[in-house]
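This report describes how two protein chains meet and how one of them is built. The sequence and structure are shown first.

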Amino acid sequence: MEKVEKITGLINKYREGILSQDEQGELDTWLAESTENRSLFEELTDKTTLTDKLKSYSAINSEAIWLKTLQQIGPDTKVKRLYPVQRTWWKYPAVAAAVIGISVAGWLYLKPTANQPVAETPVDTKNSIAEIVPGSTKAILKLSDGKEIVLDNANNQEKIQQGAITISKINGRLIYNDENAANGQDPITVGSTVLYNTVTTPMGGQYQVILPDGSIVWLNAASSLRFPIAFAGGERNVSLTGEAFFQVSPIANKPFKVAIETPEGNEGNVEVLGTQFNIHAYTEDGGVKTTLQEGSVKLTTKASNKQVLKPNQEATVDKSGKIIGVKKVDIAASLAWKNGEFNLEQDVKSLMQDIGRWYNVKIEYAGKVPSGSSLNGQIPRDLPVKEVLDILKKYGIEGQLNEKARKIVVI
Amino acid sequence: MTPNFQDTAWIAAFREGKAGTFEQVFKEYHRSMCYLAEKYLLDKEEAEDVVADAFTKLWHGRMQFSDAGHIKGFLITSIRNACLNLLKQKQRRSASNNELAYLLADKEDDFFRKLVETELLKKLYPFIEQLPKQCRAVFEQVYFEGSSIEETATKLGISTRNVRSQKSRAEQLLRDKILLISFIYCLMSMQNNTHIDSNLPSIPEEKKEK
């Protein structure tokens, strides 16, 4: 190994033109040892071949190797996630999440933004049936002036300027960059009106938004997030329909609040200072689930019931605003969607709804909803729908796919 | 930031599988090890598998290691052996007449040369890796893919002006790393249609590329 380093060093110095006479002698000796040595040397000092080699060296897929390694090591808690092994859409450096204190605050901003129409992917074309495919990175951005911009995973960088706020769409993420805030000035508002944007994912869509304060929001399918393009004032207020995972940047004295909206109106609020949590608020699933991964959040329901959650706890709130349960959960399972998986550790109805939203298909039941008590684990969301149904069949849940009608009938 | 693999506290943590030490070793060596494996196997997927196997063995056997050189040596040896075994199996399956190919691929000198090449690339790669993100994307398009300024602009969805300025920036940054002088000089002379502009960060006018 020492000799390898020696020769490598000599070749490198040669490239830099800083070989001493002695070193030149050593290199010459090595080169004279064999014609193969000579030809390697020529390859490594030739611009074209060296560039090619560097290209293949750069192309090595760290993520793939890490994933393969992790799969072999197995679920060992000592090894952490090194690369974002899922899709590119959530590839973003983690923002440190901090444990927070909790302040009581009235929910002032509560302009309901319910009844957000959920954009649907076109279901049928004239003659051909739209193929049933897994969801992908897509959403619609609605600007404050009502203009709509289609967002997808195209590898392009496009900037949208809104006042002093630059919105970049990069690799399936939307990034809000508040230059004024970065300069220590007040965030921009037009007159006294705060400008709001809304990002809406269709069935079979997901998207990631990085808010002006650096907080990251992962939006699941058929969901929407409404937020001001800059966080003025003493609070950071956003509102959500559907499901999202939040990674909130801690800012002292500027709590982050999520208003949970459904077509029936406001379903409650989650207040945080800096933390990571998930809110699952699909109307059709009945009830709202808030799951805390890290930090601390305070939940206030529309019936004014309050609940402070600890990490790994999940609170379920029913339609009347009653907190019907707070329990310890397996975080990995609850956040499966964010990692590109369906969580099997939930009731069959919720699981099937997840599947329906992701493949943009309707779910029907021929008879009673199967119990599915033996279900456990996760299924990748990027599989063809048929494969997912095959897996479920092994667990005794038989779903018949009707591609034409875009529905799954569970028997 | 290269961790101090020689540090006794570091080794102790590594043996216990603590404090992200295994991840550090992975980050440090996986790329060069995969390159080495690819040199043997000429197959990306297989190379990745072999490297993953070696790191898995390293994880399970981490208690036996007492210094960093030992870790690197272990990785190299496991990868070499695994590659040779794979080649041997393939040889049997294909029942090819040049049955000594795998043995020829493993003469000590040949192994040595593979290591030299890998080590040299390991030394050069960080300069590219450390380029700012967009700068790197432009650099890779222009120098690795051989794209023109216009093609690069289209592929990355940025303006040609931005491509030019990022390209100059990449060249400047690489040139500043004295180590790469000859490398970047080579690259630039290769691109004979490229306007060499060493001092200005960007070229304001849209010069037509041929």
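With which residue does B:Lys72 form a salt bridge, and how far apart are the closest N and O atoms? The partner of B:Lys72 is A:Glu5, and the closest N and O atoms are 3.9 Å apart. A salt bridge is a side-chain nitrogen of Lys or Arg within 4 Å of a carboxyl oxygen of Asp or Glu. B:Lys72 lies in helix H4 of chain B and A:Glu5 in helix H1 (residues 2–16) of chain A, so the pair joins two chains. Helices (H or I, at least four residues) and strands (E, at least two) are DSSP runs, numbered from the N terminus.

This is a predicted model, in which local features need pLDDT of at least 70 and side-chain atom pairs count only at pLDDT 80 or more, while totals for chains, interfaces and linings use all residues. Residues are numbered from 1 along each chain as its sequence is written, chains are lettered from A in the order in which they are written, and side-chain values use heavy atoms, with hydrogens and water left out.

**Chain B**

Chain B has ten helices and zero strands. Of its 210 residues, 49% count as buried; buried means under 20% relative accessible area, exposed over 50%, and partly exposed in between (1.4 Å probe, protein chains only). By this scale B:Lys72 is buried, at 11%, and A:Glu5 is partly exposed, at 41%.

Helix H7 of chain B covers residues 133–144. At 1.5 Å a residue (the expected span is 1.5 Å times one less than the number of residues), its twelve residues should span 16 Å, and the end C-alpha atoms are 15 Å apart, which agrees. Nine of the twelve residues are buried, so H7(B) is largely enclosed by the rest of the structure. Among them are B:Cys135, B:Phe139 and B:Tyr143. Just after H7(B), B:Gly146 takes a positive phi of about 70 degrees.

**The interface**

In the interface, 60 residues of chain B are in contact with 48 residues of chain A, contact meaning heavy atoms within 4.5 Å. The size of an interface is often given as the accessible area lost when the parts come together. Chain B and chain A bury about 4900 Å² between them, 65% of it on carbon and sulfur atoms; this buried area is the accessible area (1.4 Å probe) that two parts lose on being put together, summed over both.

Six salt bridges are counted between chain B and chain A. Several elements of chain B give two or more residues to the side that touches chain A, including H4, H6 and H7. The largest share, 14 residues, comes from H6(B).

**Salt bridges**

Side chains of opposite charge can pair when their charged atoms come close. Over all chains, the structure holds 22 salt bridges. The table gives some of them.

| Pair | N to O distance |
|---|---|
| A:Lys68 and B:Asp49 | 2.9 Å |
| B:Lys39 and B:Glu117 | 3.0 Å |
| A:Lys407 and A:Glu364 | 3.3 Å |

B:Lys39 counts as partly exposed, at 26% relative accessibility, whereas B:Glu117 is buried, at 3%. Both residues belong to a network of salt bridges that also links A:Glu43 and A:Lys53.
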